Amino acid sequence: MKIALLLDPATRNMVFNEKCLKRLEKSGEVVINENGTDFDSVAPIIKDADVVVTSWGNKPIDEEYLALCPNLKLLIHAAGSVKPVVSDALWKKGVRVTASANVLSMGVSETALGFTIAASKNFFAHNENIHNGGWAEGKENIRELYDLTIGVVGGGWAGRHYIELMQSFDVDIVLYDPFISEERACELGVRKADFETLLKESDIVSIHAPQIPETYHMFNAETLKLMKKDAVLINTARGTIIDENALYNHMLEGNLKYACLDVTDPEPPAADNPLRSIKNCIMTPHLAGLANNGLKKIGQHVCEELELFISDGKLETEVTEEMLARMA
């Protein structure tokens with residue numbers, strides 16, 4: 001079996017350590033790309049491959065590439081969304097596709113948990129108060145993660161992992177996701193609700209929805225008004241989901257305890273973005289996904305998926321063409 005790593009050297013070093021590369025070699029002949037991601041650089045690597053591994057920066061595996069590897073069976077995308085690397089020709093050929101979105105999503109949901117705890121405990125305001133010479137003023141604004149309603153918008157990889165993390169606390173979890181049935185929501189241990197109900201009931205709302213036309217500015221002037229005045233809004237998904245001007249005006253009027261934004265639209269936020277002036281709008285530089293040493297988890301996932309595929313044809317994180325419309 002020939003396994004073609006199409007990643008450019010910098011990306012390969014970012015997601016694979018030597019241990020994972022040696023583990024891949026136990027599954028077949030591993031061919032490594034030492035150049036860029038243009039066709040001329042990748043063509044010799046992909047020729048006669050049975051498995052290709054792509055990542056950030058790779059181009060779609062289309063007819064031109066597929067002509068070089070007629071026996072291609074599996075594409076493993078060592079990154080999140082597969083949309084940049086799949087093609088109609090790939091689906092038509094029946095090549096199976098899997099990706100590391102679930103691995104990246106763990107970092108996202110864990111960051112959302114961090115925001116959840118920090119905002120509930122009021123870390124941000126207390127830190128500022130102490131730096132300004134105060135001490136314990138405002139402790140009455142602390143809330144424990146007990147007897148609160150947590151609203152989760154989106155039940156994909158990140159949303160489901162966030163739900164699992166929140167189930168360690170004695171809270172009521174409400175889910176909005178039009179693609180998840182009542183039965184599936186029960187299996188996840190959550191209560192399914194429509195979007196408006198979730199906003200009205202939730203003390204903390206964590207966004208895990210994909211960036212698709214249906215989610216564009218779903219948090220806007222009208223929907224933000226439905227939220228509790230002292231609610232916390234967390235966005236570790238995509239900046240386009242929130243109308244930032246509407247959020248600024250909403251918070252300027254004294255609404256929301258915190259908005260915790262790891263993503264903005266655009267990124268980085270403009271220097272004159274008014275949200276920069278709102279002290280209880282906490283902004284981080286799109287760091288929720290895996291970073292630095294954590295990115296090596298992706299290489300481990302690639303090995304695990306390939307080994308599963310070889311042993312019994314199963315894939316834990318398979319992506320089908322039908323799934324794309326509701327994925328990031």
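This is a predicted model: local features need pLDDT of at least 70, side-chain atom pairs count only at pLDDT 80 or more; totals for chains, interfaces and linings use all residues.

Q: In what order do the strands of the open sheet come?
A: The order is β2-β1-β3-β4-β5-β13, so 6 strands with mixed pairing.

Q: And which strands stand at the edges?
A: β2 (29–32) and β13 (318–319). Each has a single partner strand, so one side of each has no neighbour in the sheet.

Q: How do β3 and β4 run, and how many bridges join them?
A: They run parallel, joined by 4 bridges between residues 51–54 and 74–77. Valine 52, for instance, has leucine 75 in β4 as its bridge partner.

Q: Which helix packs on the sheet?
A: Helix α13 (residues 296–312) does, touching β1, β3, β4, β5 and β13. Its direction makes about 160 degrees with that of β4.

Q: Switching topic: how many salt bridges are there?
A: The count comes to 13. One of them pairs aspartate 230 with arginine 143, with the closest N and O atoms 3.7 Å apart.

Q: What does that pair tie together?
A: Aspartate 230 is in the loop between α11 and β10 and arginine 143 in the loop between α7 and β6, so the pair ties together parts 87 residues apart in sequence.

Q: Which residues are linked with those two in a network?
A: Asp203 and Lys228 join Arg143 and Asp230 in a network of salt bridges. Aspartate 203 and lysine 228 come to 3.0 Å, N to O.

Q: Is aspartate 203 buried or exposed?
A: Buried, with a relative accessible area of 9%, while lysine 228 is partly exposed at 28%.

Methods:
Residues are numbered from 1 along each chain as its sequence is written. Side-chain values use heavy atoms; hydrogens and water are left out. Two strands pair if DSSP finds at least two bridges between them. Helices (H or I, at least four residues) and strands (E, at least two) are DSSP runs, numbered from the N terminus. Contact means heavy atoms within 4.5 Å. Axes are lines fitted to C-alpha atoms, for helices over the stretch in contact, and angles run from 0 to 180 degrees between N-to-C directions. A salt bridge is a side-chain nitrogen of Lys or Arg within 4 Å of a carboxyl oxygen of Asp or Glu. Buried means under 20% relative accessible area, exposed over 50%, partly exposed in between (1.4 Å probe, protein chains only).
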